[in-house]
2 protein chains.
Amino acid sequence: MTDFTAFDAAVEAQAGDVLAQLAALCRIPSVSAERGPAMLDAAAFVQTLCTAAGVATEPADQPAGPPIIIGRAGSGERCLMIYNHYDVQPPDPLDEWLSPPFEPQVRDGKLYARGVSDNKGDLVARLAAIRIYQETVGPLPLRVLYVIEGEEEVGSPFLFRFGEEQGTLLSEADGCLWEFGSKNADENPVICLGVKGMAAFDLRVRTATMDAHSGNGGIFPNAAWRLTEALDSLRAPDGRVIIDGLLDHVRQPTEVEERLLESVPFNHVALQASYGFSNGLLGGLTGAAAVRRWLMEPALNVNGLVSGYSGPGSKTVIPAQATAKMDMRLVPELTPQIAFGLLREHLDRRGFSDVEIIDHNDYLMPWRTSPDSAIARAVTASISQVSALPPIVQPTSPGSGPMWELCGRNGVPVASAGVSWQDSHVHAPNESIRIADFVEGIKVIGRLLEQFARDDNE
Amino acid sequence: MTDFTAFDAAVEAQAGDVLAQLAALCRIPSVSAERGPAMLDAAAFVQTLCTAAGVATEPADQPAGPPIIIGRAGSGERCLMIYNHYDVQPPDPLDEWLSPPFEPQVRDGKLYARGVSDNKGDLVARLAAIRIYQETVGPLPLRVLYVIEGEEEVGSPFLFRFGEEQGTLLSEADGCLWEFGSKNADENPVICLGVKGMAAFDLRVRTATMDAHSGNGGIFPNAAWRLTEALDSLRAPDGRVIIDGLLDHVRQPTEVEERLLESVPFNHVALQASYGFSNGLLGGLTGAAAVRRWLMEPALNVNGLVSGYSGPGSKTVIPAQATAKMDMRLVPELTPQIAFGLLREHLDRRGFSDVEIIDHNDYLMPWRTSPDSAIARAVTASISQVSALPPIVQPTSPGSGPMWELCGRNGVPVASAGVSWQDSHVHAPNESIRIADFVEGIKVIGRLLEQFARDDNE
């Protein structure tokens with residue numbers, strides 16, 4: 001077994017420099033929803049980090065949008081795929097940030113910036129580990145195939161085709177280290193073996209060709225009311241999705257998944273403290289019931305509501321148009337196609353055929369992989385060697401990503417490990433990672449390169 | 001009976017000039033919700049028009065906000081109060097205007113501009129009539145007391161106190177000509193004897209201290225969902241307000257009101273053509289049932305919805321806050337105070353005590369007056385002399401205004417007459433009046449000065 005003393009010492013010694021690289025990357029406002037020039041700046045910066053780590057890069061053929069970067073390093077029997085992305089979510093609401101989202105700031109042992117947790121922190125930590133491994137231990141003991149895209153936060157629209165076209169290349173991988181990872185409220189590192197699927201869409205109603213004076217509100221249709229009525233038919237107040245027939249497509253957990261679920265803790269008190277819920281969790285969920293809803297059931301989200309007058313004071317108007325910006329989170333075997341079909345039928349059956357579904361065509365398939373794979377074992381072992389508390393293995397993340405598109409279709413098992421914490425505020429203001437987790441995360445990846453190379457129990 | 005030949009000839013001859021005055025007033029963007037310097041510009045312009053009409057003005061003591069102008073002219077037994085306002089609604093959505101809202105444009109016999117119908121057209125027509133009467137007929141046969149405010153579109157917050165403080169002055173009036181008036185779809189001029197009350201407010205929910213990643217949507221509360229659930233408990237899809245106990249406070253129509261209601265036509269085909277409703281009127285209402293809902297029942301309106309992400313594409317977020325901008329339209333004896341109390345109790349009873357009611361403190365009382373008053377008879381007679389089709393008398397407008405505050409509390413009967421048409425698009429883009437209606441409206445006011453002075457059947 002390799003001695004990681006020199007590796008760990010170098011990680012500690014270089015922590016400040018690596019953190020500065022991360023801050024520099026976070027300074028680039030690579031908001032994929034905005035499609036600005038920052039996307040290419042971020043891609044170029046990532047390629048520089050790859051080069052410094054001895055990872056040879058080439059942008060994949062991607063005619064529109066920010067490049068998918070393919071990086072290769074090392075040699076050996078085993079091939080480890082690593083997936084990350086250099087794009088970030090929009091930073092609004094801006095006025096809730098304590099420091100500007102693209103001006104990284106260290107406060108109280110944490111680095112705050114948009115994207116620092118999701119997932120520039122992991123990207124920089126992993127490249128640092130690959131570089132420092134070679135500087136302190138020796139040549140990489142396996143092949144690394146690094147896939148880094150710039151459109152994860154807008155649903156990875158090109159990764160679907162990429163995963164298909166690059167099937168031969170991607171199938172070489174024996175396992176994939178997924179993009180993210182976080183400690184939970186009890187400080188256990190969490191390993192995820194799957195993701196939920198996702199489909200982003202708008203529900204849009206137009207009830208008239210123009211707004212009208214609200215004196216007529218007793219008899220004139222109002223798009224905002226119409227939208228709220230349609231929405232209320234889709235989800236119960238306790239959070240269950242009540243679209244007709246949707247749950248019929250949800251696969252029951254396997255025995256293995258059931259076993260994993262039992263070991264997933266759920267600290268609703270810590271969640272309450274983090275998020276300050278005024279009414280607790282939906283339906284008063286706690287414990288095992290909360291875990292099951294959170295991980296194993298579909299979810300339907302309103303991301304935003306837009307209708308009528310939104311300025312100061314009042315405007316006594318009947319809005320002619322209303323839009324709900326939405327996403328669905330899907331679990332096996334509920335595909336986006338099935339979900340959209342059922343949604344349309346559900347609305348039509350209730351007389352809401354005037355409620356349009358604007359499909360953003362951002363589909364991600366739900367996918368889960370086995371806890372018995374070499375990558376799952378190697379990630380578990382690597383974290384166990386470094387972290388104070390043992391890892392928890394979840395059958396899936398509650399989040400989504402192109403896991404089926406990149407790995408599932410090409411037969412590559414997956415596990416995740418990362419540098420985030422319970423209060424990382426992913427997709428929200430004041431996103432952060434703890435510097436100690438970041439340093440620990442680099443150490444975990446160093447072990448993983450070794451563990452995954454020599455694991456032969458698959 | 002006075003010969004109006006010279007008066008009418010002068011109205012025709014000066015129509016272009018008066019229309020130019022109206023256009024100049026419409027060019028001033030006096031949006032009271034914005035409280036900008038345009039308010040004082042509009043007030044000054046109105047005072048100039050008053051002076052030209054021989055109406056002596058003084059601004060009432062109004063320490064905050066745009067001035068309430070009091071104008072006086074004429075002498076005689078009878079005193080006619082006239083009420084108008086020089087402020088307008090916000091012009092958005094701007095992109096739906098065919099010509100800019102504050103650049104008046106004549107197209108196809110109509111003048112388009114924000115406020116041209118509500119109610120700068122009436123204000124300018126009435127002052128023109130007063131001026132031309134004196135130029136062509138002789139001294140005014142009655143006293144005119146003109147009250148012109150600049151905050152009608154934000155709920156007339158100062159007129160409440162004005163109506164109380166100026167009670168002695170206002171009680172001198174024998175009747176009041178209300179601000180507006182319109183032809184209906186069948187081209188009958190409509191006279192209104194009352195208004196609905198109004199209360200503007202926001203419903204606001206905060207479910208957490210920050211937004212969260214929508215992967216957690218199965219278990220995390222979502223302010224947008226919470227708001228839609230609360231809203232859906234307040235109004236039935238057919239438009240009836242279902243706040244517990246609210247209808248118990250609605251006074252049944254009197255016999256006189258019932259008789260008037262029977263004569264109110266309801267052309268739902270024309271409304272459909274004007275507004276392009278995708279699903280007809282609420283609850284499929286037509287005919288007498290539509291008239292009753294429209295005029296005699298309260299209404300609850302969503303004016304706008306604001307929550308979460310409203311930009312392009314998608315942002316997979318759970319919003320922590322959601323707001324519905326709303327107004328209630330009230331009928332006797334349902335006061336704003338009663339309605340707010342019932343709304344709070346209704347929400348609390350259903351577990352929505354976290355849904356805040358943000359009371360804008362813009363209250364208007366509901367008020368109706370008798371069809372047998374001198375002013376109602378005089379308005380009816382004056383319109384009948386000029387208009388091609390006979391007027392329809394409605395017990396109330398579906399809209400609101402400070403009628404109780406100005407007239408009701410001071411015992412002054414009210415009737416309305418005005419220059420708008422079915423498609424005036426009040427409070428909406430492409431607001432307009434027809435130039436022929438504007439000219440006819442000036443002629444009506446000329447007759448009214450005469451009719452009201454000599455009507456002694458009261």
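The questions and answers below concern a predicted model with chains A and B.

User: Which strand of chain B supplies the largest share of the side that touches chain A?
Analyst: In this predicted model, 82 residues of chain B are in contact with 82 residues of chain A. Several elements of chain B each supply at least two residues of that side, among them β11 (197–206), α6 (223–232), α9 (287–296), β15 (321–330) and β16 (356–364). The largest share, 10 residues, comes from β13(B).

User: How many nonpolar, polar and charged residues does the side of chain B that touches chain A have?
Analyst: The side in question belongs to a contact in which 82 residues of chain B meet 82 residues of chain A. Divided by class, the side of chain B that touches chain A has 36 nonpolar, 31 polar and 15 charged residues.

User: Which residue of β13(B) stands opposite A:Val306?
Analyst: Strand β13 (residues 299–308) of chain A and β13(B) run antiparallel and are joined by 5 bridges. Within this pairing across the two chains, the residue that stands opposite A:Val306 is B:Val306.

User: What are the bounds of the domains of chain A, and how far apart do the C-alpha centres of domain 1 and domain 3 lie?
Analyst: Chain A is divided into domain 1 (5–196 + 366–454), domain 2 (197–249 + 297–362) and domain 3 (251–295). Domain 1 of chain A gives 12 residues to its contact with domain 3 of chain A, which gives 13 residues, and the side of domain 1 has 6 nonpolar, 4 polar and 2 charged residues. The C-alpha centres of domain 1 and domain 3 of chain A lie apart by 25 Å.

User: Which residues touch the most other members of the largest nonpolar core?
Analyst: In soluble globular proteins, nonpolar side chains tend to be buried together. The largest nonpolar core here has 293 residues. Leaving aside neighbours within four places in sequence, A:Met81 is in contact with residues including A:Leu145, A:Val147, A:Leu170 and A:Val412. The residues that touch the most other members of this core are A:Met81 and B:Met81.

User: Which residue is the bridge partner of A:Leu177 in β19(A)?
Analyst: Strand β7 (residues 175–178) of chain A is covered on both faces, with A:Gly175 and A:Leu177 buried on one side and A:Cys176 and A:Trp178 buried on the other. Strand β3 (residues 79–85) of chain A runs parallel to β7(A) and is joined to it by 3 bridges, with A:Ile82 opposite A:Leu177. Another 3 bridges join β7(A) to strand β19 (residues 414–416) of chain A, again in the parallel sense, and there the bridge partner of A:Leu177 is A:Ala415.

User: Is B:Ser156, with its positive phi, buried or exposed?
Analyst: Most residues other than glycine have a negative phi, and most peptide bonds are trans. Because 27 C-beta neighbours lie inside 10 Å, where 20 or more are needed, B:Ser156 counts as buried.

User: Where is B:Pro93, which a cis peptide bond joins to B:Asp92?
Analyst: The cis peptide bond between B:Asp92 and B:Pro93 has an omega of about 5°. In chain A, a cis peptide bond joins A:Asp118 and A:Asn119 with omega about -15°, and A:Asn119 has its place in helix α3 (residues 116–136) of chain A. The place of B:Pro93 is in the loop between β3 (79–85) and β4 (105–107) of chain B.

Key: Residues are numbered from 1 along each chain as its sequence is written. Chains are lettered from A and ligands numbered from 1 in the order in which they are written. This is a predicted model: local features need pLDDT of at least 70, side-chain atom pairs count only at pLDDT 80 or more; totals for chains, interfaces and linings use all residues. Two residues are in contact if their C-beta atoms, placed from the backbone, lie within 7 Å. Helices (H or I, at least four residues) and strands (E, at least two) are DSSP runs, numbered from the N terminus. Ala, Val, Leu, Ile, Met, Phe, Trp, Tyr, Cys and Pro count as nonpolar, Asp, Glu, Lys and Arg as charged, and the others, Gly among them, as polar. Two strands pair if DSSP finds at least two bridges between them. A residue is buried if 20 or more other C-beta atoms lie within 10 Å of its own, exposed if 12 or fewer, and partly exposed in between; C-beta atoms are placed from the backbone. A nonpolar core is a set of buried Ala, Val, Leu, Ile, Met, Phe, Trp, Tyr and Cys residues joined through C-beta atoms within 7 Å. Domain bounds come from an automatic or database domain assignment.
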